[in-house]
Amino acid sequence: MLKNILRRICEILLRPFKADFFFLFILTILVSAADIVAWFFYGDPIFGIYMGVHGYIMAYVIVLLGTFLSQTRYKKIYEYIILALAYINFIIDVSIHMSCKIGFTNDMVAIIMGTNLSEGKEFIGTYFSLELLCVIIISTAVLYLIKRYKVYVEHFGSRLSVCF
């Protein structure tokens, strides 16, 4: 009885690796890459790894929640919405790191919320530059290549789930 319960818990916890590894992989990249790379450049790789693990845990929980949706269009809609939000989050993280050399924190939210429309127009010029546009283009190309080779990513995920 207890063995069956533990087996069922393990099946549920490993579901993101077996059923939705590609979604987990893309989501992890989108929520973790900006912080990992930025903090390595800032000279604090330990904090970069910490932020990357933090992003991975969030991605894992989001994918785990999505696995409880049945294989219907609702699951695809859920994945598209989450990926769109993750991509927007990625662009904001990169923008803040490039312009302010810090992560997107509560202080940044307070600054943004405390601005009016005319100040907001000035911020747009500060946070969006040609460098950011290049990062957006390159990241979109990388995501396209990952999507194109989805079979290999899923194969890696299935090999990884065998280890567990």
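Student: Which residues does Phe 90 touch, not counting residues up to four places away in sequence?

Tutor: Some remarks on the model come before the reply. This is a predicted model, in which local features need pLDDT of at least 70, side-chain atom pairs count only at pLDDT 80 or more, and totals for chains, interfaces and linings use all residues. Residues are numbered from 1 along each chain as its sequence is written, and side-chain values use heavy atoms, with hydrogens and water left out. The predictor's confidence in each residue is its pLDDT, given from 0 to 100. The protein averages a pLDDT of 83, and 92% of the residues score at least 70. Confidence is highest in helix H3 (residues 45–67), with a mean of 92, and lowest in helix H6 (residues 117–127), with a mean of 68. Where pLDDT is low, the predicted coordinates should not be read in detail. Helices here are DSSP runs (H or I, at least four residues), numbered from the N terminus.

Now to the residue itself. With residues up to four places away in sequence not counted, Phe 90 touches Leu 30, Ala 33, Ala 34 and Ser 139; contact means heavy atoms within 4.5 Å.

Phe 90 also belongs to the largest nonpolar core, which has 24 residues. Such a core is a set of buried Ala, Val, Leu, Ile, Met, Phe, Trp, Tyr and Cys residues joined through side-chain atoms within 4.5 Å, and buried means under 20% relative accessible area, computed with a 1.4 Å probe on protein chains only. Phe 90 is among the members that touch the most others, as are Phe 17, Leu 24, Ile 26, Leu 27 and Leu 30. Helices H1 (2–18), H2 (21–41), H3, H4 (73–100) and H7 (130–148) each supply at least two residues of this core. H2 gives the most, with nine residues.

From H4, the contact is made by Tyr 87, Phe 90, Ile 91, Val 94, Ser 95 and Met 98. From H7, the residues are Glu 131, Leu 132, Val 135, Ile 136, Ser 139, Thr 140 and Leu 143.

Another residue of helix H4 is Glu 79, which counts as buried because its relative accessibility is 10%. Leaving aside neighbours within four places in sequence, Glu 79 is in contact with Asp 20 and Phe 23.

Definitions and conventions: Buried < 20%, exposed > 50% of the residue type's maximum accessible area, 1.4 Å probe, protein only.
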